[in-house]
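Let us walk through a protein together, one step at a time. Keep the sequence and the 3D view at hand as you read.

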Amino acid sequence: MHRKIISILIICCISISLIACGPSEEKINEVQNKYMELVEIHNQVVEAHKGISDSSLDESLTKLREQMSEVEGYNLNKMKDEEIDTLIQIMDVLIASYTEQLSTINSIKDQEDAAVLVPVTMTVTNDTKLSFNTLKLYEQNDTGTHKNILEEMGDLTPGQTVIGLVMQRDVDNTPWVLELTDTNGAAYEIVLPVAEYGQEGVKASLQYDAETKELSLTS
């Protein structure tokens with residue numbers, strides 16, 4: 001999607017060289033800090049806007065960027081402290097507008113994500129003679145930190161069942177991974193073909209082949 005706005009480098013475009021009749025140093029510092037605050041929220045909005053498909057905010061964000069350009073065009077050397085106070089008030093209004101837009105973008109993002117993700121529940125029964133103290137479930141290639149589901153539940157011993165596991169199937173049917181570690185320290189990874197799972201959920205059991213030392217999941 002074409003974007004009409006661009007990020008701003010975190011540099012103050014309001015050039016300042018103090019002269020005897022110019023604004024006070026205190027006001028210069030105040031307006032510089034306010035401008036940096038404005039730049040920061042602007043860049044947050046730009047990055048968040050890239051993550052949504054909805055283009056309804058393009059026009060309003062472009063207008064905000066134009067107003068920001070006007071702020072950058074002020075010559076502080078020719079302004080009095082009272083005029084700089086007015087400029088700071090203008091920046092406050094822009095910051096408030098950007099903050100509101102960021103909230104709207106985040107809401108749109110949540111709606112778009114919900115529209116393309118399908119929750120799939122899973123129940124896993126341990127039909128092996130092994131006990132497991134680690135069980136993690138996550139989308140393949142997700143490099144984030146993954147929670148050990150058994151941390152608060154205790155070990156998954158033979159015959160026990162874990163219920164309420166949830167996967168989120170996306171439009172690409174990205175596989176998920178079931179990662180387990182048994183109480184002997186052996187680690188296993190099982191790739192889950194989520195494209196084969198329906199919204200009604202899936203009930204599966206862990207199976208262990210002693211000869212190959214492989215763990216599998218059958219449904």
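K50 and E47 both sit in helix α1, three residues apart, or about one turn of the helix. Helices here are DSSP runs of H or I with at least four residues, strands are runs of E with at least two, and both are numbered from the N terminus. The side chains of K50 and E47 meet in a salt bridge, at 3.1 Å from N to O. The term salt bridge is used when a side-chain nitrogen of Lys or Arg is within 4 Å of a carboxyl oxygen of Asp or Glu. Side chains of opposite charge can pair when their charged atoms come close. E47 is partly exposed, with a relative accessible area of 45%. Buried means under 20% relative accessible area, exposed means over 50%, and partly exposed lies in between (1.4 Å probe, protein chains only).

Before going further, a word on where all this comes from. This is a predicted model, in which local features need pLDDT of at least 70 and side-chain atom pairs count only at pLDDT 80 or more, while totals for chains, interfaces and linings use all residues. Residues are numbered from 1 along each chain as its sequence is written, and side-chain values use heavy atoms, with hydrogens and water left out.

Helix α1 covers residues 25–50, and E37 and K34 are also three residues apart in it, which separates them by about one helical turn. An α-helix has 3.6 residues a turn, so residues three or four places apart point the same way. E37 forms a salt bridge with K34, and their closest N and O atoms are 3.5 Å apart. Which of the two is buried? K34 is buried, with a relative accessible area of 17%, whereas E37 is partly exposed at 37%. Q89 is in helix α3 and is exposed, with a relative accessible area of 52%.

Now turn to helix α2. Where do the buried residues of α2 lie around its axis? The buried residues are D58, L61, T62, L64, R65, M68, V71 and E72. They cover an arc of only 165° around the axis, so they are on the same side of α2. That arc is taken from the directions from the helix axis to the C-beta atoms. On the other side of α2, E59 and E70 are exposed.

R65 forms a salt bridge with E72, with the closest N and O atoms 3.7 Å apart. R65 counts as buried at 17% relative accessibility, and E72 is buried with a relative accessible area of 17%. Elsewhere, salt bridges that share partners join K27, E30 and D85 into one network. The structure holds seven salt bridges.

Next come the loops. N141 is found in the loop between β2 (132–139) and β3 (161–169). Its phi is near 75°, a positive value in a residue other than glycine, and N141 is exposed, with a relative accessible area of 69%. N173 has its place in the loop between β3 and β4 (176–182). Phi of N173 is near 50°, again positive in a residue other than glycine, while its relative accessible area of 32% makes N173 partly exposed.

Finally, step back to the whole protein. There are three helices and seven strands, and along the sequence they follow the pattern α-α-α-β-β-β-β-β-β-β. Of the 219 residues, 39% count as buried. Of the contacts with a separation of 6 or more, 73% come from residues 24 or more positions apart, where a contact means heavy atoms within 4.5 Å. The protein exposes about 12,900 Å², with carbon and sulfur atoms supplying 48% of it; accessible areas come from the Shrake-Rupley method with a 1.4 Å probe, and for residues only the protein chains shown count as cover.
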